[in-house]
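Please look over the model below with these notes beside it.

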Amino acid sequence: MSVYTSASSDASGCASPGCRCHGRKPSYPSDLTDAEWAVLEGEVRAVMAELVATTGRPMVHDLRAVLDAIGDVVRYGIEWRALPIDFPPHEAVYAFFLRWSGRGLPERLAGRLRGRLRVMAGRGELPTAGCLDSQTVKAAETVGAAACGYDGGKKLKGQKRHIAVDTLGLLLCVIVTAASVQDRDGAHPSPARLREKFSTIALVWADGGYAGRLLAWARDVLHLAVTIVKRSDDLRGFVVLPRRWVVERTFAWLARYRRLVRIYERKPEHHEAVIWWATVHRMTRRLTRELAGQPPHGRWSDLPPLADLSSPDRRGKVLELLAAQPWRAWKGTELAAILGIANINSFRGQLSQWSHQGYINKIGPALYGPMPAST
């Protein structure tokens, strides 16, 4: 049953009965602010004018409300039918998503925003190097069996996302395949698409899964150098690998959008469009902050300032720090830096002695760790 009743129709300016999208005020965290809409509106209308197929009936619903509705679905992973009532009807929003995603609207928008971000970062508008990687994602029951596969390495049944990013982590291209497709086979169109769209790219970094005939084909046919960044067998635990961390960070950015945590779209091209819409949403907010000269928003609030240390002895100052921030797990090296102590080894030993004597009951996980080398 539709929630858009004729009784709710008012003078909002929308020709659709019951829709109140015109004049809608941003109400949700995913909605574009006025500053973000001022940055995105000109780009959206310019790209839509380039991609329009034929002239005809003008758009009924408010463009900003439709983009906010798509952002709400992508950010929070809700169903299209579960859109709140202050958005346009879900049929209209989904139709806009299908029509304009098929024409390449979000991809072109991301390209325009990427160029502006690169120029503001002191880079050229077009990238000269990139990084390639893949990610296996579990598919929901809405995805057909023909579009899914089983990844033996990750022990997941779903689909695989192959993305290429520039050196800033901004998305260049994305291809979605079944999870059973090997990296070197599934990413085969990625270098060709990179060469087609960005003739300036000459170097691409990738992991060991792309080694083999893909390197020779990219070198001989596309004149594109693909460098493999391998992980050493001697490494244990988490290690930041050169160049590859950039694309891994992009995967982490995309994972903040709940629609991308699991694949729900029945067609791979629809999931690619969702990735592009999430990229546009993130690039818009980043560009707006940089134009305003604002720092990035932290995931947690900044730590409160340290209290003034009035105790004359060292143990009293440490107790004051622990009392001021009892929720914080202090480390010996942090306390030594605050107190201006050069010999960290002897200070850690003293902290350990105080802790065993009962003076300090919370020092931190690094206090009893391996002692660093003497300096």
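**Notes on packing and pairing**

1. The side chains of R116 and E43 meet in a salt bridge, with N to O at 3.1 Å. A salt bridge here is a side-chain nitrogen of Lys or Arg within 4 Å of a carboxyl oxygen of Asp or Glu. R116 lies in helix 4 and E43 in helix 1, so the pair ties together parts 73 residues apart in sequence. Helices (H or I, at least four residues) and strands (E, at least two) are DSSP runs, numbered from the N terminus.

2. This is a predicted model: local features need pLDDT of at least 70, side-chain atom pairs count only at pLDDT 80 or more, and totals for chains, interfaces and linings use all residues. Residues are numbered from 1 along each chain as its sequence is written, and side-chain values use heavy atoms, with hydrogens and water left out.

3. How exposed are the two partners, R116 and E43? R116 has 30% relative accessibility and therefore counts as partly exposed. E43, at 12%, counts as buried. The cut-offs are under 20% relative accessible area for buried and over 50% for exposed, with partly exposed in between (1.4 Å probe, protein chains only). Salt bridges that share partners join E43, E50, R108, R112 and R116 into one network.

4. Helix 1 (residues 34-51) packs on helix 4 (residues 105-120) at about 130 degrees, with the axes 10 Å apart. Axes are lines fitted to C-alpha atoms, for helices over the stretch in contact, and angles run from 0 to 180 degrees between N-to-C directions. The two helices are therefore oblique to each other. Angles under 35 degrees count as roughly parallel, over 145 as roughly antiparallel, 65 to 115 as roughly perpendicular and the rest as oblique.

5. Helix 1 passes helix 4 in a right-handed crossing. Right-handed means that the near helix is turned clockwise from the far one by less than a right angle; anticlockwise is left-handed. On helix 1 the contact is made by V39, L40, E43, V44, A46, V47, M48, E50 and L51; on helix 4, by L105, R108, L109, R112, L113 and R116. Contact means heavy atoms within 4.5 Å. The residues of this contact divide into ten nonpolar, no polar and five charged. Ala, Val, Leu, Ile, Met, Phe, Trp, Tyr, Cys and Pro count as nonpolar, Asp, Glu, Lys and Arg as charged, and the others, Gly among them, as polar.

6. Helix 11 (residues 332-339) and helix 12 (residues 344-356) cross at roughly 115 degrees, their axes coming within 10 Å. That makes helix 11 roughly perpendicular to helix 12. The crossing is right-handed. G332, T333, L335, A336 and L339 of helix 11 meet I344, F347, R348 and L351 of helix 12. By class, this contact has six nonpolar, two polar and one charged residues.

7. Helix 10 (residues 314-324) has G316, V318, L321 and L322 buried. Its buried residues pack against helix 11 and helix 12.

8. The whole structure has 16 salt bridges. One of them pairs D68 with R24, the closest N and O atoms being 3.4 Å apart. D68 is in helix 2 (residues 63-76) and R24 in the segment before helix 1, 44 residues apart. Both D68 and R24 are buried.

9. V221 sits in the loop between helix 7 (213-220) and strand 6 (225-228). V221 is partly exposed, at 48%. The C-alpha atoms of V221 and A192 are separated by 9.2 Å.
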